[in-house]
Amino acid sequence: MELRENIPLAPYTTLGIGGPARYLCAVASEAELTEALAIANEKHLDTFILGGGSNLLISDAGFDGLVIRMAIHGIARDGNTLRVGAGEPWDAFVQQTVDAGLAGIECLAGIPGTVGGTPVQNVGAYGEEVSSTITIVRAFDTHANQFVDLDNVQCGFAYRTSIFNTVAKGRYIVARVDFQLTPNGTPNLKYVDLAKRFADKPQPSLADIATAVREIRATKGMVTAAPNQNGEYPLDRDPDTCSAGSFFRNPIVPAGAVAHIAQEAGVAEVPHWPAGDGMTKLPAAWLIERAGFSKGFAMGHAAISSRHTLALTNKGGAKAAEIAALRDHVAKIVRERFHVQLEQEPVSVP
Ligand SMILES: Cc1cc2nc3c(=O)[nH]c(=O)nc-3n(C[C@H](O)[C@H](O)[C@H](O)COP(=O)(O)OP(=O)(O)OC[C@H]3O[C@@H](n4cnc5c(N)ncnc54)[C@H](O)[C@@H]3O)c2cc1C
């Protein structure tokens, strides 16, 4: 395991932003992970776990500690359970399951990052969430100083959250994720765009669904070029794809707030979905557009994607501070207009 010093982090993130890590190493096994943690302990360094860097806003100052890049690979099949190393690229894994005729994650095709990153925010799209198929998350518990197997309930999954990004943030380092998939399962057509697309083909294959999802995502700039073996992204990417995906979560508000928002927006209907317990989920993109922002709106080198209102992008040479300024501006105008607070989805580092 090589320990490198003073390494710029921007190439490791889909936003292409981030100052240097004081130290960076890649871990390819559980033993190397333990070794890296021992080095951090010995040198009194804070640690940060880097997956595919697709959900990060790393500061311009970088990270004054040890960044551990997750590179544990391997996919083992046991019946319909797949045990997958946390460093496996997510989209390639999805494709393998589709090719094997296993249903359950086909709608999550095209999402960048690693398998180990998916339980952290309970990745979801097009009517599916990883929490529906994850059975075990094997992780290093930095409190108990040992590897543990957490079952689905222990992971505390909910909309874009789990214990890994809430109550136990920073405690567990995911080494492997087990998924229980369904052989010959029916493809998921819950999402309206997909249902429409397959209106005259009522029984699309899993491959049809995964391909359609990737195509729809591409039209929105919501896919990105894959990183190389060292985890670095190519420099010559389409700027609309230099993002961290959706920059804001869809806000969950008391159901009673919808009428006020409709009045403020001057519309009869506000798109929304029930979120349980008298709460309602609103589309953040709709609020941003209704607050007056258009696709492509820019502040310095940071811009709202020209293809998706929810993605904040690096037009080229943007600093983290510029993305943060754009984020704060958008959130302020939405708050002033609709009294709704938008929350950032990507993780800020530090
Ligand atoms: C173009 C684009 C589209 C996207 N679309 C979606 C989408 O549709 N739905 C969705 O939910 N997300 C989406 N995302 C966000 C992102 O891809 C996912 O959240 C992804 O799972 C992040 O994984 P990662 O490996 O890149 O994690 P990173 O970005 O490297 O890390 C994110 C967080 O997870 C932690 N982490 C990562 N790996 C581990 C590990 N092994 N153990 C412990 N902690 C870890 C990090 O410390 C950090 O706190 C999109 C992003 C982009 C750029």
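**Exercises on strand pairing, burial and a ligand shell**

**Exercise 1.** Which residue of strand 5 is the bridge partner of isoleucine 49, and how many bridges join strand 3 and strand 5?

*Solution.* In strand 5, isoleucine 68 is the bridge partner of isoleucine 49. The model is a predicted one, in which local features need pLDDT of at least 70 and side-chain atom pairs count only at pLDDT 80 or more, whereas totals for chains, interfaces and linings use all residues. Residues are numbered from 1 along each chain as its sequence is written. Helices (H or I, at least four residues) and strands (E, at least two) are DSSP runs numbered from the N terminus, and two strands pair if DSSP finds at least two bridges between them. Strand 3 (residues 47-50) meets strand 5 in the parallel sense over four bridges. Strand 2 (residues 20-27) is likewise paired with strand 5 in the parallel sense, over six bridges, and alanine 21 stands opposite phenylalanine 63 of strand 5.

**Exercise 2.** Is strand 5 largely enclosed or largely open, and why?

*Solution.* A residue is buried if 20 or more other C-beta atoms, placed from the backbone, lie within 10 Å of its own, exposed if 12 or fewer do, and partly exposed in between. By this count six of the eight residues of strand 5 (residues 63-70) are buried, so strand 5 is largely enclosed by the rest of the structure. For the chain as a whole, 43% of the 350 residues count as buried.

**Exercise 3.** What is the strand order of the open sheet of five strands, and which strands stand at its edges?

*Solution.* The order is 6-7-13-11-12, with antiparallel pairing. Strand 6 (75-78) and strand 12 (146-151) are the edge strands, each pairing on one side only. Neighbouring strands of this sheet are turned by 20° against each other on average, direction ignored, where axes are lines fitted to C-alpha atoms and angles run from 0 to 180 degrees between N-to-C directions. Within the sheet, strand 13 (residues 172-180) pairs with strand 7 (residues 81-85) over five antiparallel bridges, among whose strands threonine 81 has glutamine 180 as bridge partner and leucine 82 stands opposite phenylalanine 179. Strand 11 (residues 134-141) joins strand 13 in the antiparallel sense over seven bridges, and aspartate 141 stands opposite tyrosine 172. Seven of the nine residues of strand 13 are buried, so strand 13 is largely enclosed by the rest of the structure.

**Exercise 4.** How many residues surround the ligand, and how do the residues of this shell divide into nonpolar, polar and charged?

*Solution.* A residue belongs to the surroundings if its C-beta atom, placed from the backbone, lies within 6 Å of the molecule. On that basis 35 residues surround the ligand, and the closest are Gly51, Gly113, Gly116, Gly117 and Gly245. The shell divides into 18 nonpolar, 17 polar and no charged residues, given that Ala, Val, Leu, Ile, Met, Phe, Trp, Tyr, Cys and Pro count as nonpolar, Asp, Glu, Lys and Arg as charged, and the others, Gly among them, as polar. Strand 3, strand 9 (124-125) and strand 13 each supply at least two residues of the shell, and the largest share, three residues, comes from strand 3.
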